[in-house]
Amino acid sequence: MHLIEKAPAKINLTLDVLGKRDDGYHEVEMIMTTVDLADRIHLTLRDDGRISVDVDKGFVPGNEQNLAYQAAKLLKTEFGVKAGVHIFIEKNIPVSAGLAGGSTDAAATLRGLNRLWRLGTTIDKLAELGAEIGSDVPFCVYGGTAIARGRGEKLEHIPSPPPCWVVLVKPPMGASTKDIYGKLDLDHLKHPDTAAVVKAIREKNFRGICEGLGNAMEDATFGLYPEVKSLKERVRSFGAEGVLMSGSGPTVYALLQNQSRADRIYNGLKGFVSQVFVVRLLGAKHHL
Ligand code: ATP
């Protein structure tokens with residue numbers, strides 16, 4: 001038996017860091033939404049009970065460090081599953097990019113194995129298990145649009161923004177989320193107005209969403225990689241309505257209502273940056 005589960009990337013419309021907790025995590029508040037740039041997770045039943053993983057790109061671990069492998073192992077243990085699985089990942093999402101590539105692979109593996117192994121569990125249970133793998137995994141289990149709080153695992157689902165185009169621009173370096181958190185100056189963060197963006201989303205006010213985009217981690221990433229700041233300014237100079245770095249970076253994205261403007265940015269940048277994508281926002285949540 002074999003099935004394929006789509007694993008879409010996310011972007012942050014806002015990312016706020018509220019402080020550091022006693023357990024070492026940072027307390028965050030962020031609006032995340034899924035975009036139509038996706039890995040494809042192929043799941044094939046193994047009768048010998050083993051879990052194996054393989055990726056079509058060399059720079060992602062094809063072993064137990066892979067978050068998809070960890071998701072399978074967790075489900076197998078939790079439900080006492082006898083069967084095994086071979087996981088093959090078609091990797092389309094840039095790695096260490098701020099797009100939750102690893103987390104979404106883990107989330108898609110949880111959804112897919114629920115079907116392949118006939119576990120009959122709920123999406124809420126999968127999200128709860130996903131939090132053990134990573135803070136962004138619960139959001140990726142559901143998809144859609146949500147406000148994430150706590151260390152990112154506490155979700156409040158909200159309606160999706162109005163349909164629009166997203167140009168994703170991934171510069172060549174990778175940003176380690178841990179390193180960027182280490183560089184944060186908690187006393188001098190630029191806090192986004194999350195409530196204002198949520199209001200604009202609910203009112204389908206595209207301009208309001210674009211004006212409110214904000215990421216408290218930008219300055220730390222820009223400090224380490226000044227070229228990401230220049231890239232953001234360059235994207236803005238093409239006339240994008242809203243521009244922001246996603247997650248801890250280094251991917252910068254632009255939101256546009258008009259496809260020809262999105263294409264113009266794509267054409268203007270593709271000679272300078274190897275990974276540029278024009279995609280749509282994905283409004284719908286996942287179902288099991
Ligand atoms: P986030 O936005 O959640 O911070 P990211 O997009 O910045 O995530 P990822 O692409 O998830 O970063 O990769 C971060 C690290 O996770 C990499 O060092 C990579 O080797 C490891 N990793 C483990 N499993 C995967 C996977 N399935 N896909 C991509 N990276 C993975």
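Two housekeeping points to start. Residues are numbered from 1 along each chain as its sequence is written. The model is predicted: local features need pLDDT of at least 70, side-chain atom pairs count only at pLDDT 80 or more, and totals for chains, interfaces and linings use all residues.

Let's begin with the overall layout. The protein is divided into domain 1 (2–157) and domain 2 (165–282). Those bounds come from an automatic or database domain assignment. Taken over C-alpha atoms, the domain centres are 23 Å apart.

Now the contact between them. On the domain 1 side, 28 residues are in contact with 36 residues of domain 2. Contact means that two C-beta atoms, placed from the backbone, lie within 7 Å. Which elements give two or more residues to that side of domain 1? They are strand S1 (2–20), S2 and S5. S1 provides the largest share, 10 residues. Helices (H or I, at least four residues) and strands (E, at least two) are DSSP runs, numbered from the N terminus.

By class, this side of domain 1 has 14 nonpolar, 10 polar and four charged residues. Here Ala, Val, Leu, Ile, Met, Phe, Trp, Tyr, Cys and Pro count as nonpolar; Asp, Glu, Lys and Arg count as charged; the others, Gly among them, count as polar.

Next, the ligand. It is surrounded by 21 residues, and the closest are Leu67, Gly101, Gly102, Asp105 and Gly247. A residue is near the molecule if its C-beta atom, placed from the backbone, lies within 6 Å of it. Helix H1 (67–79) and helix H2 (101–116) each give two or more residues to this shell. H2 gives the most, with four residues. The shell has nine nonpolar, 10 polar and two charged residues. It draws at least three residues from each of domain 1 and domain 2.

What does the record say? For "binding site", an unreviewed UniProt entry lists residues including Pro94 and Gly101. UniProt positions are in the numbering used here, feature names are shortened, and annotations may be inferred rather than shown by experiment.

Take Pro94 first. It lies in the loop between strand S4 (84–90) and H2. Buried or exposed? Pro94 is buried, because 23 other C-beta atoms lie within 10 Å. The cut-offs are 20 or more other C-beta atoms within 10 Å for buried, 12 or fewer for exposed, and partly exposed in between, with C-beta atoms placed from the backbone. Leaving out residues up to four places away in sequence, Pro94 touches Leu99, Gly101, Lys170, Thr251 and Gln275.

Gly101 lies in helix H2. Gly101 counts as buried because it has 26 C-beta neighbours inside 10 Å. With the sequence neighbours up to four places away left out, Gly101 touches Ala9, Asp39, Ile93, Pro94 and Val95.

Last, strand S5 (residues 145–149). Four of its five residues are buried. S5 pairs with strand S2 (residues 26–46) in the antiparallel sense, over four bridges. Strands pair if DSSP finds at least two bridges between them. Met32 stands opposite Ala146 in S5.

S5 also pairs with strand S6 (residues 154–157), again antiparallel and over four bridges. There, Ile147 stands opposite Glu156 in S6. The hairpin of S5 and S6 has four residues between the strands, and Gly150 takes a positive phi near 70°.
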